Amino acid sequence: MNESDNSVPAALGDDVSIGNLTVRYGDTTALRGAHLRIPAGTTTALVGESGSGKSTLALAASRLLPADAQIVSGSVRVGDTDLAALSGPRLREARGGVAAYLAQDASVALNPVLRVGSQIAEVHQVRHGVSRREAARLAENNLADVGIPDPARVARRYPHQLSGGMRQRAVIAIALAFRPRLLIADEPTTALDVTVQADILALIVRLQKQCGLTVLWITHDMSVVAEIADRVAVMYGGRIVEQADALELFESPAHPYTQALLGCFRQGRTAQPKHIVTAIKGSPPVGGVPDGCPFHPRCPHADDSHCRTTLPEPRVLGGGRQAACHHLEFAP
Ligand code: ADP
């Protein structure tokens, strides 16, 4: 990164606190009172089976939910901005600027008929009010920041003229141009070749450290979690069922679902959704969750008096750990 040009200012990140976030798609409640805390300048990995609500949480937190989705209640605080409460011009300004979203497929984030450099320069012109010439210079710096060799040449290319890995780097360059306080990465390496995946992962980790970014990283790959995460949040049935420092969570998972999830990982299985489903007895909820704890039909500790009737609220366990389970006495 070219420090002297200062295209990426240091310490961008802010504390993030998601409170009681509930999101519906018509009759389907995808998020049910989710709580999540991400300390400034750290990376939290969000894990859980397919359909647990990870992407919905990511899209709600970046205010990019599809038109058929509705934030029913809750807050998404990034510093002192509540993204969930914004509308109109303040919302447009916050998109990208407060929270930037990296999708799995970089192509959807790029305009196919505009040169890559112009797409980055436009952010500098419109968001930061710099001249056209200065914006073009900053765009090339951003491309250099994300490890693109010969940024002046690449800036003149159209998205289809770049490889998948280069396109994802260009999208990260656009995100950096916004100078976001929260970066949300929704499985940003899944669509790439394995070797390119490792490069993009290393790039985001480097930028996170260099710029002090606050990052929410969605993945189903526990080996990625072990590599990148300061903290881990585990989702099940539209709820965050456990969040903790990564080392603590790996060493002593408190929630029975986290224990089962890590059990799959430790048995040497890949944590692909289909493997998790077969490795943990029963199936994740589809099209609605049962009464009580959403995990009770698959939980070895489930009882009639609490688990099948009452939704467990998150309990603070100390050391920044929270878990939502009626039977934390079984936690190590
Ligand atoms: P994950 O990212 O963990 O796979 P999602 O957030 O994609 O989970 O999905 C959570 C729930 O919301 C699922 O039940 C899913 O079927 C539902 N859902 C997601 N997107 C839509 C949509 N556009 N319309 C209706 N239901 C949706």
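## The largest cavity

In this predicted model, the largest cavity is lined by Gly 33, Ala 34, His 35, Arg 239, Ile 240, Val 241, Glu 242, Gln 243, Pro 314, Gln 322, Ala 323 and Ala 324. The largest share, five residues, comes from β10.

The volume of the largest cavity is about 70 Å³. By class, its lining has six nonpolar, four polar and two charged residues. In total, the structure holds four cavities of 30 Å³ or more.

## The second largest cavity

The second largest cavity has a volume of about 50 Å³. Its lining consists of His 255, Pro 256, Cys 293, Phe 295, His 296, Cys 299, Cys 307, Cys 325 and His 326.

## The largest pocket

The largest pocket has a volume of about 620 Å³. It is lined by 22 residues, and those closest to its centre are Arg 95, Gly 96, Ala 109, Ile 174 and Phe 178. Two or more lining residues come from each of α2 (88-97), β6 (99-102), α3 (116-128) and α6.

Helix α3 gives the largest share of the lining of the largest pocket, five residues. The lining divides into 15 nonpolar, three polar and four charged residues.

## The second largest pocket

The second largest pocket has a volume of about 440 Å³. Among its 28 lining residues, Ala 30, Gly 51, Ser 52, Gly 53 and Pro 285 lie nearest the centre. The elements that give two or more residues to this lining are β2 and α1 (54-61).

Strand β2 supplies four residues, the largest share of the lining of the second largest pocket. By class, the lining of the second largest pocket has eight nonpolar, 15 polar and five charged residues.

## Positive phi angles

Asp 150 is not a glycine, yet its phi is positive, about 55°. The residue sits in the loop between α4 (132-145) and α5 (151-155). Asp 150 counts as partly exposed because its relative accessibility is 40%, which falls between the limits of 20% for buried and 50% for exposed.

Arg 179 is another residue other than glycine with a positive phi, near 55°. Arg 179 is found in the loop between α6 (164-178) and β7 (182-186). Its relative accessible area is 28%, so Arg 179 is partly exposed.

## Arg 77

Strand β4 (residues 69-78) contains Arg 77. With a relative accessibility of 39%, Arg 77 counts as partly exposed.

Which residues does Arg 77 contact, leaving aside its neighbours within four places in sequence? They are Asp 15, Val 16, Ser 17 and Asp 82. Arg 77 and Val 98 are 21 residues apart along the chain, and their C-alpha atoms are separated by 9.9 Å.

How values were computed. Residues numbered from 1 in each chain as written. Predicted model: local features only at pLDDT ≥ 70, side-chain atom pairs only at ≥ 80, totals over all residues. Heavy atoms only, no water. Buried < 20%, exposed > 50% of the residue type's maximum accessible area, 1.4 Å probe, protein only. Contact = heavy atoms within 4.5 Å. 1 Å grid on protein atoms, 1.4 Å probe; cavity = no way out; pocket = protein on both sides within 12 Å on 5 of 7 lines; lining within 4 Å. Points joined across faces, edges and corners; volume = space filled by probe spheres on them. Nonpolar A, V, L, I, M, F, W, Y, C, P; charged D, E, K, R; others polar.
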